[in-house]
Amino acid sequence: MLDGHADEISRLIEPGRVHRRVYTEPAVFELEMERIFARAWLFVGHTSQVKNVGDYMTADLGRQPVMMVRHRDGKVHVLLNRCTHRGPKVLNERCGNAKRLTCCYHGWSFDTDGKLLGVPVPEGNTATFQNDQYNLARAPRVGEYRGFVFASLSPTGPSFEDHIGPMKGNIDDLVDRAPDGELALDVGMHRYVYNGNWKLQVENVLDSYHVPFGHASTVNQQGVQFARREGDKEGAAVVEVKEKKTATSWKDRKSFIVGNGHGWTSNTELADGKRSSPAFDAYKKALVEKVGAVRAEEILKPRLHNSMIYPNMSIMGLNIHVRVIKPIAVDRTEVTIYPIRLLGAPDSMNWGNIRLLNVTHSAASFVQTDDLESFVRAQKGLRSLHTDWVDISRGLGAEDADPEINAVRGLATHELAVRAQYKAWLGYMQGAA
Amino acid sequence: MAKIDKAPFEEFLIHEARLLDDRRFRDWMALFTDDGSYWVPAVPNQDSPFNQASLFYDDRDLMKTRIDRLEHPLIHAQTPPSRTAHIIGNIVVESADDEAGKYTVVSTVMMVEYRDEQQRVFAGRQTHTLKRDGGGFRIAQKKVDLINCDSAFEAMAVPI
Ligand code: FES
Ligand SMILES: [Fe+2]
């Protein structure tokens with residue numbers, strides 16, 4: 001059905017439209033696992049998740065199990081979670097602490113940097129057996145920016161700097177909110193799954209078009225969403241009720257794309273002058289003390305909504321969190337959402353953020369559940385054989401360059417970000433390593 | 001401690017579950033005290049709803065927003081709506097302070113949910129902190145510890 005040749009793949013993407021097989025075809029998914037998820041720079045975890053020596057967390061890059069471990073020397077390693085004897089996953093818990101990593105099958109044990117320390121009954125080994133031939137494999141390339149650890153399972157390809165460079169400012173925007181200039185992903189997580197393709201979630205992250213209708217149930221009779229930030233009395237104006245149309249301020253939101261499939265949407269102006277609560281005021285004070293009033297104002301201005309670091313991670317500036325998208329099958333995807341603890345912020349502020357994230361992004365939240373419904377229904381609808389094309393043409397040709405930040409910009413209710421994702425997708429899928 | 005008559009507690013828990021199964025969410029909310037909360041932790045033995053993520057942690061305000069949404073005609077995640085059947089058992093009155101009118105009741109809950117061609121089961125232990133209110137009770141806190149609280153869930157729209 002699909003032989004993986006570049007020109008065959010390229011026929012799946014046309015200007016302003018995408019073939020439904022991109023979402024439904026198991027062979028496309030298999031190829032994505034090889035050409036995207038076994039090559040691209042993928043977000044693995046944050047160094048705060050392995051704070052102490054011996055701390056580990058496990059993850060899957062595409063379908064390949066890996067672990068992130070902090071070794072005695074303080075260095076964080078990304079290792080393949082696969083015993084070098086006969087293959088079992090060595091670590092089986094989502095996170096924990098271990099002195100050594102021991103395989104459950106025959107008991108080979110590895111140091112926290114992957115070195116094979118010993119095997120039971122060594123006299124059975126062949127004469128040429130040497131421990132260091134059997135160390136746990138390392139992810140070929142690992143990069144880190146402000147605690148965010150990424151890995152590529154390919155030894156070659158664009159450098160980490162090339163990949164992450166255009167999105168550093170977005171990571172800074174988040175991390176700089178911490179008075180101590182550092183954040184931690186150590187306050188739990190939300191996990192949800194849906195019966196739909198992973199790209200449905202990736203596209204949705206930068207889709208501001210769906211909000212007024214897709215999230216209608218979160219908007220009150222005045223057309224305003226519930227408050228999503230600590231200190232706000234209400235959320236963004238989404239609908240102009242009288243005219244029954246999308247609010248002008250919402251339509252003004254912008255979308256930016258910067259290559260590699262990355263991009264972000266800007267935020268709607270909220271009532272920032274009026275933002276106040278004991279927790280927020282204490283936080284603002286702490287921030288001002290650290291960075292000064294002018295810089296604090298700048299940091300607190302809601303510049304970004306969602307930022308997509310293609311292909312598997314997004315961060316949000318409104319209800320601050322980090323999202324990791326994991327494809328399971330062509331029609332099954334798992335997502336993890338980490339709340340963020342801003343170091344140096346008062347507990348009450350962090351707790352306020354955590355609490356609001358419960359109602360926006362948990363599996364039982366007011367917001368995310370309606371998105372999941374759309375993903376599941378899209379996956380079902382795309383079974384239709386005779387309407388092959390998925391339309392992503394909104395605003396096609398209306399983009400223009402934003403020379404100041406070296407980005408292409410358009411309206412967030414347009415689909416330039418989705419088109420940019422497919423441009424990157426095609427690049428990966430046609431074998432550009 | 002004198003033997004506690006479990007019957008009024010059992011009756012109350014069954015009534016509460018019935019309101020949920022009947023989708024009488026506003027009446028369900030009215031069972032909570034003004035400072036009452038509904039909590040479903042996201043990890044086993046979670047000691048606080050404040051310092052880490054929870055599946056649900058609603059005070060009355062958030063509960064109201066949740067229920068406004070559940071009654072909204074455009075709640076896509078409830079089109080069609082969930083149907084649920086709760087069963088409550090193994091009820092133990094863990095603490096009873098008749099003077100203060102404060103009680104802790106632990107029970108096992110199972111909720112089967114059917115929606116859009118799919119049926120699934122939620123199960124766990126629930127802890128109700130109850131306050132006497134005239135002849136009945138109000139809920140100061142309902143906490144549901146699901147056995148699979150830390151798994152990845154498909155969308156959940158209705159409280160357990
Ligand atoms: S398979 Fe791991 S020790 Fe044998
Ligand atoms: Fe959404």
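Helices (H or I, at least four residues) and strands (E, at least two) are DSSP runs, numbered from the N terminus.

Notes on the structure

This is a predicted model, in which local features need pLDDT of at least 70 and side-chain atom pairs count only at pLDDT 80 or more, while totals for chains, interfaces and linings use all residues. Residues are numbered from 1 along each chain as its sequence is written, chains are lettered from A and ligands numbered from 1 in the order in which they are written, and side-chain values use heavy atoms, with hydrogens and water left out.

1. Cis peptide bonds. Most residues other than glycine have a negative phi, and most peptide bonds are trans. In chain B, Thr79(B) and Pro80(B) are joined by a cis peptide bond, with omega about 5 degrees. Pro80(B) belongs to the loop between helix H3 (60-70) and strand E3 (83-97) of chain B.

2. Positive phi. Val121(A) is not a glycine, yet its phi is positive, about 50 degrees. Val121(A) is in the loop between strand E10 (116-118) and strand E11 (141-145) of chain A. Arg146(A), also not a glycine, has a positive phi of about 50 degrees, and its place is the loop between E11 and strand E12 (148-152) of chain A. For accessibility, buried means under 20% relative accessible area, exposed over 50%, and partly exposed in between (1.4 Å probe, protein chains only). Val121(A) counts as exposed because its relative accessibility is 57%, and Arg146(A) counts as partly exposed because its value is 29%.

3. His210(A) is in the loop between helix H6 (198-205) and helix H7 (211-214) of chain A, and Asp371(A) is in helix H12 (residues 368-381) of chain A, so the pair ties together parts that are 161 residues apart in sequence. Asp371(A) counts as buried because its relative accessibility is 5%.

4. Around His210(A). Contact means heavy atoms within 4.5 Å. Leaving aside neighbours within four places in sequence, His210(A) is in contact with Asn204(A), His215(A) and Asp371(A). A polar contact is a pair of N or O atoms within 3.5 Å; within protein, one must be able to donate a hydrogen and the other to accept it, and residues adjacent in sequence count only if both atoms are side-chain atoms. The side chains of His210(A) and His215(A) make such a contact at 3.0 Å. A polar atom of the His210(A) side chain also lies 2.6 Å from the backbone oxygen of Asp207(A).

5. Arg229(A). Is Arg229(A) buried or exposed? Arg229(A) counts as buried because its relative accessibility is 5%. Its side chain has a polar contact of 2.7 Å with the side chain of Asp232(A). Not counting residues up to four places away in sequence, Arg229(A) touches several residues, including Leu270(A), Asp272(A) and Arg275(A).

6. Domains and chains. Domain bounds come from an automatic or database domain assignment, which gives domain 1 (42-145) and domain 2 (165-431) in chain A. The contact takes 12 residues from domain 1 of chain A and 19 residues from domain 2 of chain A. Buried area is the accessible area (1.4 Å probe) that two parts lose on being put together, summed over both. The two domains of chain A bury about 1,300 Å² between them. For chain A and chain B the buried area is about 2,800 Å², of which carbon and sulfur atoms give 54%.
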